[in-house]
Amino acid sequence: MRKILRKTNSSIGKELGALTALVLLCVIMSISSPHFLSLTNLMNILRQSTLIGIVAAGMTFVIITGGIDLSVGSVLSLASCITAGMIVNHEMNVWVSVFAGIILGAFLGFLNGLMITCIPLPPFIATLGIMGVARGLAFVYTGGAPIYTFPESFKFLGQGMIGPIPFPVILMVVVYIIFYILLKRTKLGRYTYAIGGNEEAAILSGIPTGRYKAIVYSLTGALAALAGMVLAARLDAATSVAGDGFELDVIAAVVIGGTSLSGGQGGVIGSLIGALIMGVVRNGLNLLLVSSHWQRVILGIIILAAVTVDVLRKKGVFLKATKYKGVIKGDPDQVQESI
Amino acid sequence: MGENYSLQMKGITKEFPGVLALNNVDFNLKEGEVHALIGENGAGKSTLIKILSGAHQMDRGEIFINNKKVAIQNPRHAQELGISVIYQELNLVPYLSVYENIFLGREHMRNKYFIDHKENKLKAKALLEALEIKIDLEQTVAELSVAQQQMIEVAKALSMNANIIVMDEPTSALGNREIEQLFKTIKKLKSRGISIIYISHRLEELWEIADRVTVLRDGQYVATSDLKAMTKDELIKLMVGRDLTEQFPKREVALGEEVLRVEGLSRRGVLDNISFNLRRGEVVGFAGLVGSGRTELMRCIFGADRFEQGTIYIEQNAVEIKSPQDAIKHGIGFITEDRKRQGLMLIRPVKENITITDLDQFIKHLFIDHGQEEKTAEDLVEKLKIKTPGMEQEVRNLSGGNQQKIVIAKWLLKNAKILIFDEPTRGIDVGAKKEVYNLINLLVKNGAAVIMVSSELPEIIGMSDRVYVMSHGRITGELTAQEATQEKILAYATKE
């Protein structure tokens, strides 16, 4: 009995929705195009989903706390340019450079968190600011020109294969295993839910919410930088325009995956599915020779549909919330009467 | 009788699921009088006003306005009938100007599309002048004091041609001088033949402003009387009335040493030189009116708010409490007044809500031991008799009483030695109340000390070993269990 209840109450229900959509899409695509189900194409989809997928793992944490991170696209670009500059212009060790880039991403994320908890700025504004700063610095550093021709060891990050599987896909899977465990099994994950569930209650329960928010934004910044490495390695070039509009794709993937924008609910597996859905749609539309212009329209509609589902789901919550309202407002008479 | 009644309510009955909020209540209002409506929390004042304002529909009864029977459909209809309610939380738009607020939704128009600002200003000016209120029409409401905002509400009511104005606790947020100004305005309204229903917990001011008083108790009509004909004590007796047949379980606990002492705690404009102490095994009640500073004091002690002066001693040692984390480290737990906004993560499961205060005890090698966590949560759920289908149930699906027990459970988990209960039984049913009382008794029996803030006097008297009474951010009285009566507490609570 208890086991059944646990199942219906966990987030599996929501992820099931996204998973169903993904499977449905795959069926439709495989009927529409004979090329869709080929191994090369499937690997292609996976590889194309890795950038959004990797960052979406961190963004899920951010959104569960009730926040948002608009800076991931710019951080991706700046980190990849700095790392590329270290490797190409200064001929530094590849792994030291990669590490430095990721640390830079984490630091920018930490700045986000710091402004959000200490000032405090709304997450939207803080990360919007860093979005501009990071993008601008990327232009300043590169002068607008791409940095290219990397050593093979670096290119492996984006182009390498392990057996039939592209290395970025393996990287993404590792990221998801780590972030799944972080979310479900550690204090960090639990407090992430707690902050989004009710920040005031979390503070009054003795949780240092500021510290945990800073960690969450730092992790997201680090993942954005990591995605930047993968992208630069795949293209064999780092540019200051990379990842323009990327943050919105990432947020879309998280939301499509069933994480609620109002915080407190959701999970990383859903976001992975969300990223795959976006990958399948893009890939499928390419196979069907739909122009990239129309692809934008269709992806926009998919995002709208997903958020509509989110809103409708919340509306159920909202109805309950209004029922509570009488009790919450400081009207003692009403409190008694509305029992 | 020959007198004109602007409003008569007869045999008003209203039932909410499980609660008879109003039972055959009569109320009448003479033309140009100020009629006080008083009663304890839950007496039915708000329900009566909500029926009058169209927010609730009555189940039985009749309402006459100017001797004509009416059936009030909704708030808009009530306004058309000349009824205006000025709520405690004012309904103004902060960033619109004074005159825009007065005519919001009823602007004078130049034509179909454009607002005639000149005309609106002119009309607003006339209204304010009639009330002898000096406020700049162009100012935004956000710049005004609470008292001035109230005046704007009054002007707004006049602009709707209200002849019955209900004021819900208009003085609760005002200083003395502002109250004077308000009373002047009320007298102005009276002289224009407008009738006022005046709700207030500050009893002594009634004699200054009101002509008659109607007392409600537990949804029943008790009495209507000329205020001149009665004393404050008589009025309190009418309000309190009921026998305090004890739903409060007895306890016999020997008091131990002092665990908490607060000396000279002050927070500007909120708390003034608060000193008190608490002993092991003791339940200390904090009584006072809404806004007297009790919750603010508890938030300071718990580190949720800062204070400028004063020292907190825990077991005789001066400690610095700068955050809830500090307070928790010193063994303090805080069961907040508003469990939904401050106590619970409603969309998270029972288990997570209980273990949130001390997750560390389940951490093994960086990971949460889910099995251990669940077992501990289950134990507490069983111990506190929390009714839930399982540990994974979202807390919002539980009843108020069970939610409250979850808040208590999380502090039991943390083994808090000093527990602050802020309005612990607000909005929960009688059975659950008794369980909460039993829990408090169990806690002090096991060596904890409890501070209980409550606006329900029977609860304060029934549960406390000692009672502190607060008013205007100060402690105005300290009573032992033997001394504490509702009359004495109310007297201290309304002391200026």
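## Around A:Val55

Leaving aside residues up to four places away in sequence, A:Val55 touches A:Val72, A:Leu223, A:Ala224, A:Ala227 and A:Val250, where contact means that two C-beta atoms, placed from the backbone, lie within 7 Å. This is a predicted model, in which local features need pLDDT of at least 70 and side-chain atom pairs count only at pLDDT 80 or more, while totals for chains, interfaces and linings use all residues. Residues are numbered from 1 along each chain as its sequence is written, and chains are lettered from A, with ligands numbered from 1, in the order in which they are written.

## The nonpolar core

A:Val55 and B:Val450 have the most contacts inside the largest nonpolar core, which has 243 residues; such a core is a set of buried Ala, Val, Leu, Ile, Met, Phe, Trp, Tyr and Cys residues joined through C-beta atoms within 7 Å. Helix α11 (residues 209–235) of chain A gives this core its largest share, 16 residues. Because domain 1 (5–240) and domain 2 (258–493) of chain B both contribute residues, the core lies between them, the domain bounds coming from an automatic or database domain assignment.

## Helix α4 of chain B

The buried residues of α4(B) are B:Asn120, B:Ala124, B:Leu127 and B:Leu128, with buried meaning 20 or more other C-beta atoms within 10 Å of a residue's own, exposed 12 or fewer, and partly exposed in between. Seen down the helix axis, these buried residues fall within an arc of 95°, so they line one face of α4(B). The face turned away from that buried side carries the exposed residues B:Lys118 and B:Glu129.

How values were computed
Helix = DSSP H or I, 4+ residues; strand = E, 2+ residues; numbered from the N terminus. Arc of directions from axis to C-beta.
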